[in-house]
Amino acid sequence: MAITTPSAAARPTDPAALQTLTTRAAVARGPHEGWQLTDLTVDPPKDHEVRVKLYASGLCHSDHHITAGDAPVRFPIVGGHEGAGVVESVGPSVTRVKAGDRVICAYIPACGYCRPCSTGHQNMCVKGLNAGTGMFLDDTFRFHDETGEDVGGFCTLGTFSQYTVISEYAAIPLPDDIPFELGSLVGCGVPTGWGSAVYAAEVRAGDTVVIFGAGGVGSNAVQGARYAGAKNVVVVDPVAFKRDSALELFGATHAFATAQEAHDFVVETTWGQLADKVIITADVVTQEMANAGIAMVGKGGKLTITSVGHLNEQAVTIHAGMLISYQRQIRGALFGDCNPLYDIPKLLGLYRSGDLKLEELITRKYTLDEVNTAYEDLLAGRNIRGIIVHEH
């Protein structure tokens, strides 16, 4: 059931709304300790910041990398970088949104005027440089625990919380006809996967595309590749549920449990020409996976890596001859090369027209207190995407 928008009477910012609030949040205090549910205080927003009352938050595997010790973050930190809610209050100088606006929290801000933004690369905006600390650009924090210790918010969002403060440049308007649950997904997983295929890999009509991983990001890479006109969209995932979902819901043409099975199929179906594009969107990219991917790329083809690897392991160690002989390319993709200000509204338009599936991505909804259970389900392969529905 969709979450309704608060009434207009609750929208205007008043002096009381600019006070410190108490929020329930899921905090990681160190690797391998899971998420701890606790009460924090949330400061009022400062210049170019807004405080958001969150209604939904997506459960991305990237947040698990924090508790698994694979992400170089500052502890303690509030998890969550997919979220949608309503602006509760705004700080000075804010022009993009106002109190009462429904917004998507984009995990990469887009100021619009730095060098990356002004050259069409909003996914690398310089305002997003503190993702791993959750510290704002004035070197301060907005979350604090009962001892007064500063607590960061992952990607300077921290959407595993009832309230959070974010940069106004990370607040993307959420139209009234889009439920919060769906809006939260379009802040990260949907554009990251879709853009990995359409923009980063540059899938073209008639291509043969292989996608490693069919979870919350990979399913959208499948949708993007199919929408771009790929002839063969081949999924590699060990989880039968995800393979079936890719085939039945998101547009995959073939799905295999192992890279070797996929390789054999690609050789046969392309008469030995191999794949045009291989995209790695699995939970963790490994050296074995990267090598299997590059071996499936044909002449002039491209391997695009969107997945995060283990912190202390090298995943890409390719012999130069493997690249030179076939003129293969390897590249990384951040946020699927998408520009938040342009591509998030575009993706919502594709959803409205029936060209992008969003409801089908959500396997199960959880309360914030169930966040550890949610990640157990994710690691067990039971979810394409789980959603936290915040209680207030």
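1. A residue is called buried when its relative accessible area is under 20%, exposed when it is over 50%, and partly exposed in between (1.4 Å probe, protein chains only). By that rule Trp194, with a relative accessible area of 4%, is buried.

2. A word on the source: this is a predicted model, where local features need pLDDT of at least 70, side-chain atom pairs count only at pLDDT 80 or more, and totals for chains, interfaces and linings use all residues. Residues are numbered from 1 along each chain as its sequence is written, and side-chain values use heavy atoms, leaving out hydrogens and water.

3. Now for the rings. Rings of Phe, Tyr and Trp (its six-membered ring) pair if their centres lie within 6.5 Å; planes under 30 degrees apart are stacked, over 60 edge-to-face, and the rest tilted. The structure has 9 aromatic pairs. One of them joins Tyr55 and Phe180, stacked at 4.9 Å centre to centre with 15 degrees between the planes.

4. Look at where these two partners sit: Tyr55 is in strand β3 (residues 49-59) and Phe180 in helix α3 (residues 180-185), 125 residues apart. Helices (H or I, at least four residues) and strands (E, at least two) are DSSP runs, numbered from the N terminus. Tyr55 is buried at 11% relative accessibility, and Phe180 is buried at 0%.

5. Trp194 and Tyr199 make an edge-to-face pair, because their planes meet at 85 degrees, with ring centres 5.9 Å apart. Tyr199 is partly exposed at 25% relative accessibility.
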